[in-house]
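Trainee: I have just opened this protein and would like to learn how to read it. Could we go through it together, feature by feature?

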Amino acid sequence: MILPIYPYGNPVLRAECEDITGDTPELQQLIEDMIETMHGASGIGLAAPQIGKNLHLFVVDISHLEEDYEKDEGQPFPELWKNPIVFINPEITDESETLSDFEEGCLSIPDIREVVTRPTEVQIRFLDRHFKTHDWRVDRLLARVIQHEYDHIEGILFVDHLSAFKRRMLRRKLQEIARGNIETDYKML
Ligand code: ZN
């Protein structure tokens, strides 16, 4: 089921998130719904607060980048990236000192894209949807998406990383989004 996405300005995006304590049919359904919602909105990541749940949970799908990856890297696209990746109770345990700039957008903040500086690589420990533990060192786009989604479960939005000047420039646009005066081709609350 496609769920409505909560827009910038909704307090659920800023509230504290809780750990997931166990596997339940409701959790598996929620994960399915989040993946469907992300795909329905052509997103590459979606965090639980964005659909109104304050849980340490997000989903990422970069499978459509397989061809580019193989061309750029000259090595096969990792098997685990060919499907949506589910991150339960994730923890970023390390990040590189090297930083990268990349233009980000967010399904909760439609029509705004800005360059954000973040560590190029991160180490993340998480449970997948079968509650198997993984500890990954990731870089580039996957590291970028993971950090953006991880921010969401900490109540942080990508616009928080911008300079005060940039945020001032975006203030009106953000207010319009918070008021619901925004057209999207996916369902928003
Ligand atoms: Zn986002």
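Mentor: Gladly. Helices (H or I, at least four residues) and strands (E, at least two) are DSSP runs, numbered from the N terminus. In that scheme R140 has its place in helix 3. Residues are numbered from 1 along each chain as its sequence is written. This is a predicted model, where local features need pLDDT of at least 70, side-chain atom pairs count only at pLDDT 80 or more, and totals for chains, interfaces and linings use all residues, while side-chain values use heavy atoms, with hydrogens and water left out.

Trainee: Since you mention R140, what is the phi of R140 near?

Mentor: The phi of R140 is near 50°, a positive value in a residue other than glycine. For exposure, buried means under 20% relative accessible area, exposed over 50%, and partly exposed in between (1.4 Å probe, protein chains only). With a relative accessible area of 45%, R140 is partly exposed. D111, in strand 5, also has a positive phi, near 70°, and D111 counts as exposed at 56% relative accessibility.

Trainee: Now the metal. Which residues are the protein donors of the zinc ion?

Mentor: Donors are N, O and S atoms within 2.8 Å of the metal (3.2 Å for Na, K and Ca); water is not among the atoms, so sites may look incomplete. Here the protein donors are C106 (SG), H148 (NE2) and H152 (NE2), which lie 2.0 to 2.2 Å from the zinc ion. Along the chain, the donors follow the spacing C-x41-H-x3-H. Distant parts of the chain are linked in this way: C106 belongs to strand 4 (residues 99–106) and H152 to helix 3 (residues 140–152), 46 residues apart.

Trainee: Are C106 and H152 buried or exposed?

Mentor: C106 counts as buried because its relative accessible area is 9%, and H152 is buried as well, at 2%.

Trainee: How should I read the sheet, and what is the order of its strands?

Mentor: Two strands pair if DSSP finds at least two bridges between them. The open sheet has 5 strands in the order 1-2-3-6-7, with antiparallel pairing. Its edge strands are strand 1 (45–47) and strand 7, each pairing on one side only. Strand 2 is joined to strand 3 by 4 bridges, and F58 stands opposite F87 in strand 3. Strand 3 and strand 6 pair over 5 bridges, with I88 opposite L127 in strand 6. Strand 6 and strand 7 are joined by 7 bridges, and there V122 faces V138 in strand 7.

Trainee: Which strands does helix 3 touch?

Mentor: Contact means heavy atoms within 4.5 Å. Axes are lines fitted to C-alpha atoms, for helices over the stretch in contact, and angles run from 0 to 180 degrees between N-to-C directions. Helix 3 packs on the sheet, touching strand 1, strand 2, strand 3, strand 6 and strand 7, and its direction makes about 120° with that of strand 7. Helix 1 (residues 25–40) lies across strand 1, strand 2 and strand 3, at about 40° to strand 2.

Trainee: And in the largest nonpolar core, which residues touch the most other members?

Mentor: A nonpolar core is a set of buried Ala, Val, Leu, Ile, Met, Phe, Trp, Tyr and Cys residues joined through side-chain atoms within 4.5 Å. The largest one has 22 residues, and F58, W81, F87, I124, W136, L142 and I146 touch the most other members. Helix 3 gives the largest share of this core, 5 residues. Leaving out residues up to four places away in sequence, W136 touches partners including L80, W81, I124 and L142.

Trainee: Where does helix 4 bend?

Mentor: The bend at a residue is the angle between axes fitted to the seven residues ending there and the seven starting there. Helix 4 (residues 164–178) bends by about 50° at R171. Its buried residues are L170, L174 and I177, and they pack against strand 5 (109–119). Just after helix 4, G180 takes a positive phi of about 85°.

Trainee: Last one: what is P7 in contact with?

Mentor: P7 lies in the segment before helix 1. Setting aside neighbours within four places in sequence, P7 is in contact with L13, S108, I177, M188 and L189. At 11% relative accessibility, P7 counts as buried. The C-alpha atoms of P7 and E176 are separated by 10 Å, although these residues are 169 residues apart along the chain.
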